[in-house]
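Here is a short note to read beside the model. Please keep the structure open and find each residue as it comes up.

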Amino acid sequence: MFAKILVAVDGSESSKKAFAKSVFLAQKCNSKLYVVHVVLDWEYGGDSAATFELIDELRAKGTELLEQCKKQALQGNVQVETVLEQGDYAHEIIEVAKRKDCELIIMGSRGMSPIKELMLGSVSLKVMHHASCPVMVVR
């Protein structure tokens, strides 16, 4: 049904549920799973050494999260590839899905920060409106 599935993760409870659903669906459909984490870089502003250190720290945490997800997917006998991107959440998720020819995007309904989500607009809503493939939002 879906040969390639992308799931976006950020460590939130909502994204953990989305990840679990993506592994289940990948098992049932014998799909390749792409697990993507995006580090939002413009939020921190400036080009100081402290900003670059913070972004490096966030990238390291993202890499650790992706490795945990990869391990869980492999335990479920799912073919998996991890992707770490930097930029706008929705834009990067959509671009990775296009680049990898994904047939489904799965994501949580809420991210790490409800306040940031209100300020930025819903990432899941942006992805649903601009993605060229179906989007499953998991609550």
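1. Start with Cys 102. This residue counts as buried, at 8% relative accessibility. Buried means under 20% relative accessible area, exposed means over 50%, and partly exposed lies in between (1.4 Å probe, protein chains only).

2. A word on the source. This is a predicted model, in which local features need pLDDT of at least 70 and side-chain atom pairs count only at pLDDT 80 or more, while totals for chains, interfaces and linings use all residues. Residues are numbered from 1 along each chain as its sequence is written, and side-chain values use heavy atoms, with hydrogens and water left out.

3. How many disulfides are there? A disulfide is a pair of cysteine sulfur atoms within 2.5 Å. By this rule the count is zero. Cys 102 is in no disulfide; its nearest cysteine sulfur belongs to Cys 133 and is 6.7 Å away. Cys 29 is buried, with a relative accessible area of 19%.

4. Now look at strand β2, residues 32–39. Helices (H or I, at least four residues) and strands (E, at least two) are DSSP runs, numbered from the N terminus. Eight of the eight residues of β2 are buried, so the strand is largely enclosed by the rest of the structure.

5. Which way do the side chains of β2 point? In a regular strand the side chains alternate between the two faces of the sheet. Lys 32, Tyr 34, Val 36 and Val 38 point one way. Leu 33, Val 35, His 37 and Val 39 point the other way. All of them are buried.

6. Check the neighbours of β2. Two strands pair if DSSP finds at least two bridges between them. Strand β1 (residues 4–8) pairs with β2 in the parallel sense, over five bridges. Strand β3 (residues 79–86) also runs parallel to β2, and eight bridges join them.

7. Follow the chain from β1 to β2. β1, helix α1 (residues 13–29) and β2 make a right-handed β-α-β unit. Right-handed means that, with the strands pointing away from the viewer, the path from the first strand over the helix to the second runs clockwise.

8. Turn to charge. Side chains of opposite charge can pair when their charged atoms come close. A salt bridge is a side-chain nitrogen of Lys or Arg within 4 Å of a carboxyl oxygen of Asp or Glu. The structure holds six salt bridges. Lys 32 returns here: Lys 32, Glu 81 and Lys 100 are linked in a network of salt bridges.

9. Two salt bridges sit within helices. Lys 16 pairs with Glu 13, with the closest N and O atoms 3.4 Å apart. Both lie in helix α1, three residues apart, about one turn of the helix. Lys 16 is partly exposed at 47%, and Glu 13 is exposed at 54%. Lys 98 forms a salt bridge with Glu 95, the closest N and O atoms being 3.6 Å apart. These two are three residues apart in helix α3, so about one helical turn separates them. Lys 98 is partly exposed at 44%, as is Glu 95 at 28%.

10. Which residue pairs with Glu 85 in a salt bridge? The partner is Arg 99, and the closest N and O atoms are 2.8 Å apart. The pair links distant parts of the chain: Glu 85 lies in strand β3 and Arg 99 in helix α3 (residues 89–99), 14 residues apart. Glu 85 is buried at 17% relative accessible area, whereas Arg 99 is partly exposed at 47%.
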